[in-house]
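Thanks for asking me to look this one over. Here are my notes, written to be read with the structure open beside you.

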Amino acid sequence: MTSIRARNVNHPNHRENLKAEKYNVIREAMLTSLSDETWMSFSDLEDKVRAWLSEADVPEALFPKPGSVRWYCKAVQLDLEAHAEIERQPKKSPLHLRKCRADTS
């Protein structure tokens, strides 16, 4: 099975081995759910990801354990931040995210 060595924006030397199929599904759901204009709380993002998984008919067997969607959301979020695809709102608690804006210059 293929895996992705996901980065962690908070710990640059750490890599997490994630199953590629799960990573790609969660990544697509997150990037589809986030805007580059409006900030979204991590909790709301997790809810949107769950709704996206249901609407996309992703088999429940892909994330069978309680908490596995949340865990993958967090791992993918940290990797997307490390790759500057999404960003967190500075000095905001709880965590709020959005897609990184395209360079307009």
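The points below go from the basis of the model to helix packing, charged pairs and backbone details.

1. A word on the basis. This is a predicted model, in which local features need pLDDT of at least 70 and side-chain atom pairs count only at pLDDT 80 or more, while totals for chains, interfaces and linings use all residues. Residues are numbered from 1 along each chain as its sequence is written, and side-chain values use heavy atoms, with hydrogens and water left out.

2. Helix 1 against helix 3. Helices here are DSSP runs of H or I with at least four residues, strands are runs of E with at least two, and both are numbered from the N terminus. The axes of helix 1 (residues 20-33) and helix 3 (residues 68-82) come within 9 Å and cross at roughly 75°; axes are lines fitted to C-alpha atoms, for helices over the stretch in contact, and angles run from 0 to 180 degrees between N-to-C directions. The two helices are therefore roughly perpendicular, a label for angles of 65 to 115 degrees.

3. Who meets whom. From helix 1, Lys22, Tyr23, Ile26, Arg27, Met30 and Leu31 meet Val69, Tyr72, Cys73, Val76, Gln77, Asp79 and Leu80 of helix 3, where contact means heavy atoms within 4.5 Å. The residues of this contact divide into nine nonpolar, one polar and three charged.

4. Lys22 deserves a look. This helix 1 residue is buried yet has no salt bridge, and the nearest side chain of opposite charge, Glu21, is 7.8 Å away. Buried means under 20% relative accessible area, exposed over 50% and partly exposed in between (1.4 Å probe, protein chains only). A salt bridge puts a side-chain nitrogen of Lys or Arg within 4 Å of a carboxyl oxygen of Asp or Glu; for charge, Lys and Arg count as positive, Asp and Glu as negative, and His and the chain ends are not counted. Leaving aside residues up to four places away in sequence, Lys22 touches Leu62, Phe63 and Tyr72.

5. Where are the salt bridges? The whole structure has six. One of them pairs Arg27 with Glu85, the closest N and O atoms being 2.5 Å apart. That pair links distant parts of the chain, with Arg27 in helix 1 and Glu85 in the loop between helix 3 and strand 4, 58 residues apart. Arg27 is partly exposed at 27% relative accessibility, and Glu85 is partly exposed at 26%.

6. Two further pairs. Arg70 forms a salt bridge with Glu46 at 3.0 Å between the closest N and O atoms. Arg70 lies in helix 3 and Glu46 in helix 2, so the pair ties together parts that are 24 residues apart in sequence. Glu81 and Arg88 also meet in a salt bridge (2.7 Å, N to O). Shared partners join Glu46, Arg50 and Arg70 into one salt-bridge network.

7. Backbone details to check. Ser93 and Pro94 are joined by a cis peptide bond, with omega about 0°. Asp57, not a glycine, has a positive phi of about 55° and is exposed at 65% relative accessibility. Ala84 has a positive phi too, near 55°, and lies in the loop between helix 3 and strand 4.

Key:
Parallel < 35°, antiparallel > 145°, perpendicular 65-115°, else oblique. Nonpolar A, V, L, I, M, F, W, Y, C, P; charged D, E, K, R; others polar.
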